[in-house]
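Take the model in hand and follow the chain with a few questions in mind.

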Amino acid sequence: MQDIRLAIFDWDGTLMDSVGRIVACVQGAARDCELAVPAPAQIRQIIGLSLDVAMSRLFPISSGSDFDERQIAMLIDRYRHHYLHDTTPSPLFSGAGELLHDWQSRGLQLAVATGKSRRGLDRVLDETGLHPLFVTSRGADEARSKPDPLMLEQILDELGLSPRQAVMIGDSVHDMAMAEAIAMPCIGVTWGVDSRDALGRHGPVAVVDSMAALRALL
């Protein structure tokens, strides 16, 4: 992977251990809207998608009516409320900060492509102090939801790079499929939502089990 000039990271489940918090907040939103509460395993499958797509998949209430659209909007609003106030810990994964500082200090450009909104992404970048390390980023409200590769294409266009000069790093099949769609190399990490086998179905150059193993690849 000597030609790689840019590492693009997913956020939730890849750099930040936020899966438990996301599960709790989705379940809280369901209770607030008096809907059946999905199981954690169901919620894990939609992590990484934009909120509108995620809620529509989890709560198949949509038949195209204005009422259904309002209910999805209410779910999203309650999810965001819970995310702001939920106390479930969501720290960076051990070694994530060190990896980012190391790669950036060696001249590798860093970016984020996430299912978070721009507001949510900026908040966690500021809270973690990592904002200065990333040359650019894309949130779910700035492109189509994963696995559509638009956010990757936007990042590449902005930086003047080809897909083969970048690598996508993520914990979900949505991340892998997004990169696969434009023939961008990708690396799966197993400490997030999807298994080694699931990640491996999308042709990653590697699937790693630790931050140290990821750090050694570039």
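**A walk through the fold**

After α8 comes Ala183, with a positive phi near 55 degrees. The model is a predicted one, and every value below is computed from it. Ala183 is not a glycine, yet its phi is positive. Most residues other than glycine have a negative phi, and most peptide bonds are trans. Ala183 sits in the loop that runs between α8 (173–181) and β5 (186–189). The residue is partly exposed, because its relative accessibility is 44%.

Now step back into the helix itself. Which residues of α8 are buried? They are His174, Asp175, Met176, Ala177, Met178 and Ala179. What covers them? The cover includes the helices α3, α7 and α9 (196–200). It also includes the strands β2 (109–113), β4 (166–170) and β5. The start of α8 has a contact of its own. There, a side-chain oxygen of Ser172 comes within 3.2 Å of the backbone nitrogen of His174.

One of the buried residues carries a charge. Asp175 counts as buried because its relative accessibility is 0%. What does its side chain meet? Asp175 and Lys146 form a salt bridge, 2.7 Å from N to O. This pair links distant parts of the chain: Asp175 belongs to helix α8, Lys146 to the loop between β3 and α7, and 29 residues separate them. Lys146 is buried too, because its relative accessibility is 2%.

The peptide bond that joins Lys146 to Pro147 is cis, with omega at about 10 degrees. Pro147 lies in the loop between β3 (136–138) and α7 (150–159).

The loop between β3 and α7 also takes part in another charged pair. Arg118 makes a salt bridge with Glu142, and their closest N and O atoms are 2.9 Å apart. Why does this pair tie together separate parts? Arg118 is in helix α6 and Glu142 in the loop between β3 and α7, so the bridge joins parts 24 residues apart in sequence. Glu142 is partly exposed, because its relative accessibility is 30%.

Arg196 pairs with Asp209, the closest N and O atoms being 2.9 Å apart. Again the pair links distant parts of the chain: Arg196 is in helix α9, Asp209 in the loop between β6 (206–208) and α10 (211–215), 13 residues apart. Arg196 is partly exposed, with a relative accessible area of 39%. Asp209 is exposed, at 52% relative accessibility. How many salt bridges are there? The count comes to eleven.

Side chains of opposite charge can pair when their charged atoms come close. Arg21 is a case to set against that. Arg21 is in helix α1. It is buried but has no salt bridge. The nearest side chain of opposite charge is Asp86, 4.5 Å away, and a salt bridge needs nitrogen and oxygen within 4 Å. What does the side chain of Arg21 meet instead? A polar contact of 3.1 Å joins it to the side chain of Ser90. Beyond its close sequence neighbours, Arg21 touches Tyr83, Leu84, Asp86, Thr88 and Ser90.

Glu34 is not a glycine, but its phi is positive, about 55 degrees. Glu34 falls in the loop between α1 (19–32) and α2 (40–44). Is Glu34 buried or exposed? It is exposed, with a relative accessible area of 73%.

The largest pocket has a volume of about 470 Å³. Its lining counts 27 residues. Nearest its centre lie Leu51, Tyr79, Gly115, Lys116 and Ser117. Which elements supply at least two residues each to the lining? They are α1, α3 (51–58), α4 (66–85) and α6 (118–128). The largest share, five residues, comes from α4.

Terms used:
Residues numbered from 1 in each chain as written. Predicted model: local features only at pLDDT ≥ 70, side-chain atom pairs only at ≥ 80, totals over all residues. Heavy atoms only, no water. Helix = DSSP H or I, 4+ residues; strand = E, 2+ residues; numbered from the N terminus. Buried < 20%, exposed > 50% of the residue type's maximum accessible area, 1.4 Å probe, protein only. Lys, Arg positive; Asp, Glu negative; His and termini not counted. Polar contact = N/O pair within 3.5 Å; in protein donor to acceptor, adjacent residues only side chain to side chain. Contact = heavy atoms within 4.5 Å. 1 Å grid on protein atoms, 1.4 Å probe; cavity = no way out; pocket = protein on both sides within 12 Å on 5 of 7 lines; lining within 4 Å. Points joined across faces, edges and corners; volume = space filled by probe spheres on them. Lists of a residue's contacts leave out its neighbours within four places in sequence.
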